[in-house]
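Please read the following report with the sequence and the model open beside it.

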Amino acid sequence: MTTRRDFIKGMVFTSCALLEAARAQAPARRREVVVGGRRVRTIDVHAHCAFPEAMALMGRKVAPASLVMAEDRIRAMDEQGIDMEALSINPNWYAVERDVVSQVIRLQNEKLAELCAARPDRFVAFASVALQYPDLAVEQLDYAVKKLGLRGAGLGGSVNGEELANPKFHPFWARAEELGVPVFIHPQGTAELKGRLQGNGGLENTIGNPLETTLALSHLIFEGTLDRFPGLKICAAHGGGYLPSYAPRSDHICLTFPDRCAAVPLKKRPTEYLKQLYFDALVFTPEALRHLAAQVGASQLVMGTDYPFPWTRTSVDHILGTPGFSDAERRAMLGETAAKLLGI
C-alpha cells in the first residue's frame with residue numbers, strides 16, 4: 001500500500017517534489033509584499049512542474065537540469081515574495097495514443113491534487129487534459145475539477161498542428177465555460193517553422209513560442225470561438241505573445257479587406273475580445289507592461305514567472321516598479337485578479 005510519505009518522496013519539481021524535506025528545515029524568511037499599506041497575497045499563474053513517473057509512461061525523462069526540489073522552489077518563492085503558485089504541466093502528450101495518455105493524465109492530475117492538498121497555502125494547479133481526444137479531455141476536466149479540486153486546465157497553443165479554434169474542440173470549450181474554470185494557454189512552439197527558426201538565438205523559443213500564442217488567440221477571435229463561448233476564462237502566457245503589441249491591425253484587416261473577415265462575422269471588433277481575456281505580465285520591461293495594460297486593461301493582467309525557467313526573478317518588482325498604475329491596479333495584478341480567476 002502506498003502511503004502519503006511514499007507518494008511525496010516520489011515527487012520531483014520541475015518537477016513537483018514536496019514536503020518532508022521542506023518542513024524538516026527551518027523556513028527562509030518570506031518576503032511580504034505591501035502596496036498602499038496593505039499586505040498583498042501574491043499569486044504566480046505561470047509556474048511549471050512535471051512528474052518523472054508520468055514521463056516514464058511515455059518513454060521519456062525529465063531533463064536533469066530542470067529538476068528543482070520542493071524546498072528550493074518554496075525558498076525561491078519566499079525570496080521573491082510569491083505566496084502561491086498555480087502549477088501547470090507543459091503538454092507534451094498530444095501525439096500519445098489514447099490508452100497511454102489516459103494513464104498519463106490521471107497520474108499527473110492525481111499527483112497535482114495530492115501536492116496542492118498537502119500545501120494549500122502555497123499551491124493550486126491547472127489540470128492536464130488530452131485535448132487530441134476532445135471527449136476524453138471533457139471527462140478529464142470534469143474529474144479534475146469536481147473530484148480532485150484542480151482549478152482549471154492547461155493547454156498548448158495548438159494540438160498536433162490543429163488550431164484550438166477547430167470545431168472539434170468545441171465540446172471542451174463548452175465544458176470549460178459551463179464549469180466556469182480558467183484555461184491557461186502555454187505555447188509549445190511552431191514546429192512547422194522549424195527550418196526558419198534554426199541557428200543562433202534559440203529562435204524556436206525566442207520567436208516561435210510567442211508566435212504560437214499569437215496564432216492561437218487570433219484564431220479563437222476570428223473563427224468566432226469567443227462569440228460562441230463568451231463566458232470562457234482564458235489566460236495566455238508571455239503577455240499573449242505578439243498580439244497585444246500590434247492588435248489594431250486585427251481591426252484594420254476587416255476594414256481594409258472586409259471580404260477576409262466575412263466568412264465568420266464577429267459580434268465586435270477583434271481588439272475588443274482582448275479585454276475579456278487574461279494575460280500574464282511576463283513582458284520584461286516597464287514600457288511593455290504599460291502598453292499591455294493600455295491595450296487589454298490592467299484588470300486583465302496577472303503575475304507570471306515561468307518558474308523554474310529563469311527568464312526573470314523579479315516578477316513582483318516588475319509590477320511594483322512600472323510607473324502609472326494605481327495601488328489598486330498593482331494589488332490586482334499581483335494577486336487579487338488571479339485569486340478570483342482561480343477561486344482561491
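A salt bridge here is a side-chain nitrogen of Lys or Arg within 4 Å of a carboxyl oxygen of Asp or Glu. The model is predicted, so local features need pLDDT of at least 70 and side-chain atom pairs count only at pLDDT 80 or more, while totals for chains, interfaces and linings use all residues. Residues are numbered from 1 along each chain as its sequence is written, and side-chain values use heavy atoms, with hydrogens and water left out.

**Salt bridges**

By this rule the structure has 20 salt bridges.

| D142 | R175 | 2.3 Å |

Helices (H or I, at least four residues) and strands (E, at least two) are DSSP runs, numbered from the N terminus. D142 belongs to helix α6 and R175 to helix α7 (residues 170-179), and this pair links distant parts of the chain, 33 residues apart.

D142 is buried, with a relative accessible area of 15%, whereas R175 is partly exposed at 23%.

What does the pair D135 and R98 tie together? D135 lies in helix α6 (residues 134-146) and R98 in helix α5, so the pair ties together parts that are 37 residues apart in sequence. D135 is partly exposed, with a relative accessible area of 43%, and R98 is partly exposed too, at 30%.

In the D121 pair, D121 is partly exposed at 38% relative accessibility, while R119 is buried at 13%.

**Nonpolar cores**

In soluble globular proteins, nonpolar side chains tend to be buried together. A nonpolar core is defined here as a set of buried Ala, Val, Leu, Ile, Met, Phe, Trp, Tyr and Cys residues joined through side-chain atoms within 4.5 Å. The largest such core has 80 residues, and L131, F172, W173, L220 and F279 touch the most other members. Helix α5 (residues 98-118) supplies the largest share of this core, seven residues. A second, separate core has 15 residues, including V45, A86, V124 and A237.

Which residues does L220 touch, not counting residues up to four places away in sequence? With contact meaning heavy atoms within 4.5 Å, they are L164, A165, W173, I185, T225, L226 and I234.

**Strands and the helices across them**

Strands of a sheet pair through backbone hydrogen bonds, either parallel or antiparallel. In this report two strands pair if DSSP finds at least two bridges between them. Three strands form an open sheet in the order β3-β4-β5, with parallel pairing. Its edge strands, β3 (43-48) and β5 (123-125), each pair on one side only. Four bridges join β3 to strand β4 (residues 84-88), and I43 stands opposite M84 in β4.

Angles run from 0 to 180 degrees between N-to-C directions, and axes are lines fitted to C-alpha atoms, for helices over the stretch in contact. The twist of this sheet averages 30 degrees from one strand to the next. Helix α5 lies across β4 and β5, running at about 155 degrees to β5. Helix α15 (residues 327-342) lies across β3, β4 and β5, at about 70 degrees to β3.

Strand β10 (residues 182-185) is covered on both faces: P182 and F184 on one side, and V183 and I185 on the other, are all buried. Three bridges join strand β7 (residues 153-155) to β10 in parallel, and A153 has V183 as its bridge partner. Four bridges join β10 to strand β11 (residues 233-236), also running parallel. There I185 stands opposite A236 in β11.

**Cysteines**

A disulfide is a covalent bond between the sulfur atoms of two cysteines. The cut-off used is a pair of cysteine sulfur atoms within 2.5 Å. A search of the whole structure finds one disulfide, which joins C254 to C261 with an S to S distance of 2.1 Å. The torsion about the S-S bond of C254 and C261 is about -85 degrees, so the disulfide is left-handed. C254 is partly exposed at 21% relative accessibility, and C261 is buried at 17%. Two other cysteines are C116, buried at 11% relative accessibility, and C235, buried at 3%.

Key
Buried means under 20% relative accessible area, exposed over 50%, partly exposed in between (1.4 Å probe, protein chains only).
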